[in-house]
Amino acid sequence: MDHYTHSLRIDEEKCNGHMKCMRVCPTQAIRVRNGKAIIKEEKCIDCGECITACPTGAIVPLTDPFGELSKFRHTVALSSPALYAQFGREIMPSKILAGLKKLGFDDSFDLAITCGEASLALHTYLEESSGPQPIISNACPTVVRLLQVRYPSLIEHITPLEIPRELAAREIKKKKSKQYGLKEKEIGIFYITPCPAKMIAIKQPAEKSRSYLDGAISISDIYGPLLYAMENVEKDRYHETMEGMCILGISWAVEGGICRSLEMRNSISVSGISETMKVFDDIERGRLQHIDFVEAHSCPHGCVGGSLTVENLYTSYNKILKLIETLEIEQVSVCADYAKVIKRYQENYFFKARKLKPRPIKPFGQDLAVAIRKRKEKDSIYADLPQIDCGACGSPTCLTFAEDVVTGEAKLSDCILKQIPTAGTGKKMKVNEIRKHLHLKKLTAYDHPDMDVTGGYTSDLLSDVIAHSNAGNLWITLQTHQNIIAVAKLKDLAGIIIVNNREPDEETIKKAETEKVMLMGCKERAFQISAKLFNLIDSKD
Amino acid sequence: MFFQNSALSESFEIKGGDFNRAGSVSTKIKETLQDIGIDSNIIRRAAIASYEAEMNVVMYARKADFTLTLTLASILIIVKDEGKGITDIEAAMQEGYSTATTEMREMGFGAGMGLPNIKRNADDFKITSVPGKGTVLEILIYLN
């Protein structure tokens, strides 16, 4: 199997096996084994959802420390437009770029300028492309990985144009090496990144070629020092702050920015992994052939929502919009030189040197007959599982658990619900008899008066009921939400008694009817009704 | 032994008019084929054909049984629906022919591309229909 580097590392000392990362992972790439999280590298798409979800900060993005700068003779900070959104409205990009230089970089460069050129190149490409529709943006590395892994047949839809940060780094290296008489490898270009995925796109580009960038420093790491450094930046005059700014490029930081700046009316922009997957499903089904372009971001609202940013994403989204508005009012012209872009476009300047390859996951290996057999095993194991995706086994869902059992990564006995015996006490009574004695109110139309009741179980904790109740028990609880039905069904309980005259939610009743679970109500509290039921069944000789 | 047979067979039921869940069966078929590691272009053809077939059931039929049978050589998808059937199959196979309602068209369906699209993505395609009873589609896609 190919080896993949990832931008995330799990700090075993800090990891307490909370499983929060496992539950949020959109590609089911995380397992918790022996109380520690592990990442299945072939499934991970570097989205960074787990970083945000971890309560102990045990998932560490592998960005570069500042010290890396000393390895190079000349260093350049390449600023993501998302960085501009992290500071208040009065702080313009020119000040931020000046602040970066004060931090120790020999120079700083505004990536928005290259983004602007890339927008125009994209516009030209869309006009002349005769490939499959729609074309999908490659600006978000997580989206590119999602396509490689989950939508390999859509690879042909991804734009063949190079991403702005690589274009910029290539150009800067060329220029600076000439200017200072340095070798290209002596020039270190560091991307100031809003997310860990861009880090990995540098260490291991999706096309498996080399990146022109030398490292990435997270916005969250640089934020504090930069804030301090900017205090010493002399204030520019208002109009000077706008010089050289590129309105087309700034908008790359937010969802819909590329589409809006190019006035691409026949386009779709989407953000967030699950929403993006809905759009990709539709492309795969051939439903979006009438759309020219799809701009997709894995982070909500685009790069401003990246997991390594500092400012609240709504505030930063707003800051970018305000910036664009200001540039529009001041009529700052589009900085990219259209004629130059066209000329370079025709010289293939904007095109990627290598083609992107799909990277489908084959959990059961290459051999078709073996894969079919294993898939059948997975189906039959899954059919026998509780299918409530509790995650206690350390796999995120029952389906992934079944797969892990087939591939030998987990044992069937890891499922706690498979371990619990559900034998009754031996004493029995009919439901309608109990109902009459205890004056229980029927809450569902579904009825099975002859059902044997083996005893009772009183608890309001669902997991406790799952662990300790027995088949045929009447469950006494004050919970009224619909999950109680699933638990009763799972444990083959005889029914549920809801105490204190509480009324179950409408959804709960509906679910009880379809799942055939008897719901009953009583006016007593749990303690009293438990005592009565106990006297009726358990104390019987 | 249970696992000895080298064919995989999965069945699904689809309810007509259930637009909320429309597409879920073709997604499941796609996931099954991905699990087994079928070539992605073949998966895509199977996904498009089954999606179109699924949408036809959702739009025009009462219910249908969907079966996916995967052997070492091919993917066979059979869709048997209970519905009004198709009176003129030849017309229905023409691109642009549709009996969709205005509502369906407003949702972006009913362009009259469904059956032709299924045929285009299949290596072998059979359709039989009894008006007033239902339609049976057999979609065959070779793995090699």
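Visitor: How far is A:Arg165 from the ring centre of A:Tyr191?

Guide: Happy to start there, bearing in mind that this is a predicted model. A:Arg165 lies over the face of A:Tyr191. A charge counts as sitting over a ring within 6 Å of the ring centre, and here the distance is 5.8 Å.

Visitor: Which ring does the charged end of A:Arg344 sit over?

Guide: This is another arginine placed over an aromatic ring. Its charged end is 4.1 Å from the ring centre, and the ring belongs to A:Tyr349.

Visitor: Is the pair of A:Phe72 and A:Phe190 stacked or edge-to-face?

Guide: The structure holds 7 aromatic pairs over all chains, and this is one of them. The ring centres are 5.7 Å apart and the planes meet at 80°. Planes over 60 degrees apart count as edge-to-face, so the pair of A:Phe72 and A:Phe190 is edge-to-face.

Visitor: How many residues apart are A:Phe72 and A:Phe190?

Guide: A:Phe72 is in the loop between strand E4 and strand E5 of chain A, while A:Phe190 is in strand E8. The pair therefore links distant parts of the chain, with a separation of 118 residues.

Visitor: What is the angle between the ring planes of A:Phe87 and A:Tyr223?

Guide: These two rings lie 5.1 Å apart, centre to centre, and form a stacked pair. Stacked requires planes under 30 degrees apart, and the angle here is 10°.

How values were computed: Residues are numbered from 1 along each chain as its sequence is written. Chains are lettered from A and ligands numbered from 1 in the order in which they are written. This is a predicted model: local features need pLDDT of at least 70, side-chain atom pairs count only at pLDDT 80 or more; totals for chains, interfaces and linings use all residues. Side-chain values use heavy atoms; hydrogens and water are left out. Rings of Phe, Tyr and Trp (its six-membered ring) pair if their centres lie within 6.5 Å; planes under 30 degrees apart count as stacked, over 60 as edge-to-face and the rest as tilted. Helices (H or I, at least four residues) and strands (E, at least two) are DSSP runs, numbered from the N terminus. A charge sits over a ring if NZ of Lys or CZ of Arg is within 6 Å of the ring centre and within 35 degrees of the ring normal.
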